[in-house]
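Q: Hi! Could you walk me through this fold while I have it open?
A: Happy to, here it comes.
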Amino acid sequence: MSVPAIQTSSVLYRRILSQFPQDISLAFTYGSGVFRQTGTTQGQMGNNMIDFVIAVDDPPTWHTMNLMQNRKHYSLLRFLGPKQVSSMQMNYGAGVYYNTLVPCDGRVIKYGVISTDTLIEDLLHWKTLYVSGRLHKPVKILGQNENGKLRAALVSNLKSAVTAAFLMLPESFSEEDLFVQIAGLSYAGDFRMVIGEDKSKVLNIVKANLPHFQMLYSNILQDCPQVVYKQHQGKLEIDKSPEGQFVQLMGLPRTLQQQITRIVDPPGKNRDVEEMLLQVAQDPDCGLVVQQGISAIVKSSSITQSAKGILTAAPILLMQLLHWQTEDVENRTTLNPKCIVISAHWTAVPIV
């Protein structure tokens, strides 16, 4: 089984991708510059930044080549060389190095580089839920090699998202309810949803892209023995018995199981994971405990990755602000210059 490809024109995105070193295991683009959200026009989308993630087997070599081809994309860290850039990528935050506010083919882009091994780890175990969380939602996959482990991990990540959502939903619900729950997984606990992001963001993503979500998850839902999927009605029913919830809890990614255990296991008890999950399965607040576990993962990675984003992007922002001072106001469509950026997602917070 492979992740379904969304069939839309990707010429612009492939043209942009061709400007980078091509030793890539996976490349995809995502976000509001690619997928319309409710309340956004096509014209407004054209002004939004386009987001890319590029997975590579050998980050130091890839950054060496990219520094030769696209040196201006990097912040002042470029002067430390590719090894330090790669070290910053792999050892801090969520294992992603972002170059942002990059002008390319008449658009402004942001691209994150992650090692293939780090990506697979996140897809399988939700270590940070950073890139894996983006892949819970529709993306345009622009390139993928024949790495079988990566392909299997991409599918496993989608199945895990469905399982986690089931645990937080009632016995009966709609497709839209399910997809809103799935799309919100990577925002749970994210501090930017409190201070920067639109609170209706998740619902806007799902409502405007319901067919894409259906394409992404329909095969998984049809094959899942734990759900009755009434596809033509857009309705689902799941087993909410303690036995059913225990099966689902046992199918969750390892890091989430560990977080759940920390939440419910009193200090000093040190009971095994299976015993703790059996206890949670019988708890009326099982879904809340799962949500708290997800929030703990997302909160940690969003804070550390955002802190790294300040270091890797701040010098570029300062240069951009200086550039804006000499531009006509009509051309300032990319980012409000009365804002500072606090994360690699380019969440903007007004300067007061």
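Q: Which residues of E1 are buried on one side, and which on the other?
A: Leu26, Phe28 and Tyr30 are buried on one side, and Ala27 and Thr29 are buried on the other, so both faces of E1 are covered. Strands (E, at least two residues) and helices (H or I, at least four) are DSSP runs numbered from the N terminus. Buried means under 20% relative accessible area, exposed over 50%, and partly exposed in between (1.4 Å probe, protein chains only).

Q: How far can I trust that?
A: This is a predicted model, where local features need pLDDT of at least 70, side-chain atom pairs count only at pLDDT 80 or more, and totals for chains, interfaces and linings use all residues. Residues are numbered from 1 along each chain as its sequence is written, and side-chain values use heavy atoms, with hydrogens and water left out.

Q: Why is E1 largely enclosed?
A: In E1 (residues 26-30), 5 of the 5 residues are buried, so the rest of the structure largely encloses this strand.

Q: What does E1 pair with in E2?
A: E1 and E2 (residues 50-56) are antiparallel over 5 bridges; two strands pair if DSSP finds at least two bridges between them. Tyr30 has Asp51 as its bridge partner in E2, and Ala27 has Ile54.

Q: And how many bridges join E1 to E5?
A: There are 4, again antiparallel, and Ala27 has Gly143 as its partner in E5.

Q: What's the strand order in the sheet?
A: The open sheet of 5 strands runs E3-E4-E2-E1-E5, with mixed pairing. E3 (96-104) and E5 are at the edges with a single partner strand each, so one side of each has no neighbour in the sheet.
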